[in-house]
Amino acid sequence: MFDLIVRNVTSRKVRSTLTICGIALGIFAVIVMGAMSENFHQTFERSMGVTSDKIRVFAESGVFGGGLTDDRVSDVLRVAGVKDAYGLLMTTFDEDKMGMTGKQILGVPPEKSSVALSPVELKAGRFLSPGDSYHVVVGSNIKREYGLGVGSKFEIHDKYFNVVGVLDYTGSIFDNAVIIPLETAQDLYNVGDSISYIFAVPDERLDAELLSKRIELSVKGTTTLSPGELRTQAQQSFMIFSVITISSGLLAAIIGGLCVMNTMLMSVAERTREFGILKAIGAETKDILLLTLGEACCMGLLGGVLGVLVGIGAVGLMNTWLEKTRIVLFLITPRLLIIAMGFALFIGALSGLYPAYRASKMSPMEALKHA
Amino acid sequence: MPDIIGGEAGPEKEIILKVENLSRTYMQGKVPVHALRSACLEVRKGELLAIMGPSGSGKSTLLALLGTLEKASGGKALLDGVELTEVPEKLQPRIRREKIGFVFQHYNLIPTLSALENVELALRFSGVSKKERKERAKALLEELGLGDRLTHKPTELSGGEQQRVSIARALANRPALILADEPTGEVDTKTRDSIVRVFKSLSEKGQTIIVVTHDPDVAKECSRVLRIVDGRISDRKDF
Ligand SMILES: Nc1ncnc2c1ncn2[C@@H]1O[C@H](COP(=O)(O)OP(=O)(O)O)[C@@H](O)[C@H]1O
Ligand SMILES: [Mg+2]
């Protein structure tokens with residue numbers, strides 16, 4: 001039966017091609033949007049992985065409201081169950097680009113740089129150490145983009161820094177991090193002893209969520225973000241992002257599906273007589289269903305393959321182009337490919353269902369009388 | 001190997017089709033149209049029966065009922081041991097495959113398939129293996145003089161050739177009965193004669209055929225002629 005299906009698709013070349021292109025366009029959108037989402041998802045998962053053990057303590061007035069200063073660190077440290085605490089100053093690296101590139105300056109107490117970044121490891125050099133001032137540890141993307149290595153000079157906010165360490169690639173936000181000593185950062189940006197937030201490390205035996213509440217209650221004027229809350233918060237924004245990307249991909253694919261349905265309805269109507277003949281020579285209802293549904297699925301499949309190929313090509317091109325700017329990246333995962341192909345087939349089958357039903361339900365005599 | 005077309009025609013030919021009071025009424029809006037009124041006939045194995053009648057007299061309706069393409073409004077038709085009017089809808093395709101072969105006026109070949117594939121198609125639905133399908137279809141076409149036309153598409157064949165392909169297709173499943181609805185309606189006299197010759201030789205080999213025709217020249221070649229007028233047809237003396 002398969003050869004007959006292929007024959008029907010190939011014998012109406014222009015129409016089949018247009019239909020397949022319709023599906024391909026939809027699947028192309030699914031791939032591109034999906035690749036964006038997948039990249040976001042991966043960054044998110046990895047970022048979660050590398051910061052999951054710490055509680056973030058903010059000023060009640062928010063990260064940008066100021067009000068959180070170095071002296072609060074000792075208050076947090078005093079809370080029972082807090083093993084360690086230190087302040088961090090976070091700011092965007094390229095102010096002129098409004099932080100769109102995701103590059104961040106992270107001011108950390110030099111002696112804490114290793115634990116603050118843990119479990120991210122060094123690829124070369126060392127972490128910051130006490131006594132460092134205009135010294136910097138850079139993430140792997142920064143290293144690559146600026147061609148840095150241990151010993152190179154790196155200009156930040158009109159000052160030259162000595163690169164002492166380079167981080168391993170993580171696929172997380174740390175790849176875009178520029179880590180300098182906290183005091184140097186405070187001087188550089190002229191913020192006195194302000195900090196953005198405090199990292200509180202809970203005792204091993206203690207539940208982070210519980211400690212998080214305890215800190216909030218014990219240290220006045222602070223609010224905390226526990227690992228769990230951080231995850232939920234990030235997941236929410238991730239969800240919105242996913243819904244937007246996936247739904248625009250779906251929309252395109254549904255349009256592709258309507259293409260198939262339209263083609264199949266036309267083709268079924270056109271072949272009414274043919275179905276009558278098939279029935280007269282003894283075709284079963286299931287044979288007719290198989291032929292029609294198979295044709296729709298075949299177009300879905302071909303459209304899917306085409307869409308996936310073009311999608312992979314386009315994503316590859318965009319990734320190469322974006323390599324320089326590093327604004328967004330697309331990631332094609334096996335999961336995404338399976339979803340896209342499955343979806344193409346599903347769309348094909350779904351939109352072939354009604355035409356197939358129509359074809360199979362025709363009375364043979366009526367169909368034969370059809371011109 | 002036994003003869004591909006039909007079987008041995010014995011001297012004592014049994015009745016293969018027995019039609020009793022077969023009727024069909026269509027509703028045209030609210031008006032009932034009696035397309036077939038209590039048709040009665042008996043057909044023996046190997047007969048070449050012509051049915052003649054004016055347009056709209058119910059010829060196609062009769063064939064459609066005998067071919068289980070439509071449901072009868074009343075009456076019975078016993079074909080080769082099968083009560084056609086009582087075959088449930090689910091089993092109708094099987095009856096069409098196993099008992100009946102259709103030949104149409106407009107040939108009704110599938111345009112995208114070659115001659116060989118068109119004949120094969122009928123065997124495909126019967127679940128015959130690919131190899132056997134090919135062999136049987138090829139043998140049939142060769143027997144009908146189309147051995148050099150196997151890979152031709154219907155559009156590349158003449159009317160007479162197309163009709164012979166469709167006869168081969170009708171024969172593919174070795175049916176008990178061939179129903180031909182005006183098979184020579186669209187061909188020239190020379191082609192018509194060749195088609196009639198094919199039918200005659202099939203009938204001599206024991207194949208039962210009912211031919212609906214307008215053409216007296218076709219009818220006179222048949223073993224028997226029945227007339228249908230206004231949905232009435234009968235081979236009974238008291239009709
Ligand atoms: N599906 C149908 N609905 C209503 N009337 C029909 C239908 N099919 C056939 N008829 C009517 O039944 C009568 C017999 O038709 P048909 O068997 O096709 O005649 P023939 O083949 O002898 O020309 C005609 O009057 C025709 O109009
Ligand atoms: Mg007719």
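Author: Gladly; here are some labels, each set against its cut-off, and please keep in mind that this is a predicted model.

Reader: Why is C21(A) called partly exposed, and what makes C40(B) buried?
Author: Buried means under 20% relative accessible area, exposed means over 50%, and partly exposed is what lies in between. C21(A) has 38% relative accessibility, so it is partly exposed. C40(B) has a relative accessible area of 6%, which is under 20%, and therefore C40(B) is buried.

Reader: What makes the pair D3(A) and R124(B) a salt bridge?
Author: The rule asks for a side-chain nitrogen of Lys or Arg within 4 Å of a carboxyl oxygen of Asp or Glu. Between the side chains of D3(A) and R124(B), the N to O distance is 2.9 Å, so the pair qualifies. The count between chain A and chain B is three salt bridges. Across this interface there are also seven residue pairs in polar contact.

Reader: Which parts of chain A make up the side that touches chain B?
Author: Helices α1 (2–11), α9 (272–280) and α12 (364–369) of chain A each supply at least two residues. The largest share, six residues, comes from α9(A). By type, this side of chain A divides into 10 nonpolar, four polar and seven charged residues.

Reader: How many residues are in contact, and how much area do the two chains bury?
Author: The contacts join 21 residues of chain A to 25 residues of chain B. Together the chains bury about 2,100 Å², with 60% of it on carbon and sulfur atoms. In chain A, the residues that lose the most area to chain B are R7(A), I281(A) and M365(A), together 28% of what that side buries.

Reader: Why is the phi of H157(A) worth a remark?
Author: Most residues other than glycine have a negative phi. H157(A) is not a glycine, yet its phi is positive, about 50°. H157(A) sits in the loop between β6 (153–156) and β7 (159–167) of chain A. Its relative accessible area is 36%, between the two cut-offs, so H157(A) is partly exposed.

Reader: And where is D230(B) found?
Author: D230(B) lies in the loop between β9 (224–227) and β10 (232–234) of chain B. Its phi is positive too, near 50°.

Key:
Residues numbered from 1 in each chain as written. Chains lettered and ligands numbered in written order. Predicted model: local features only at pLDDT ≥ 70, side-chain atom pairs only at ≥ 80, totals over all residues. Heavy atoms only, no water. Buried < 20%, exposed > 50% of the residue type's maximum accessible area, 1.4 Å probe, protein only. Contact = heavy atoms within 4.5 Å. Buried area = accessible area lost by both parts, 1.4 Å probe. Polar contact = N/O pair within 3.5 Å; in protein donor to acceptor, adjacent residues only side chain to side chain. Helix = DSSP H or I, 4+ residues; strand = E, 2+ residues; numbered from the N terminus. Nonpolar A, V, L, I, M, F, W, Y, C, P; charged D, E, K, R; others polar.
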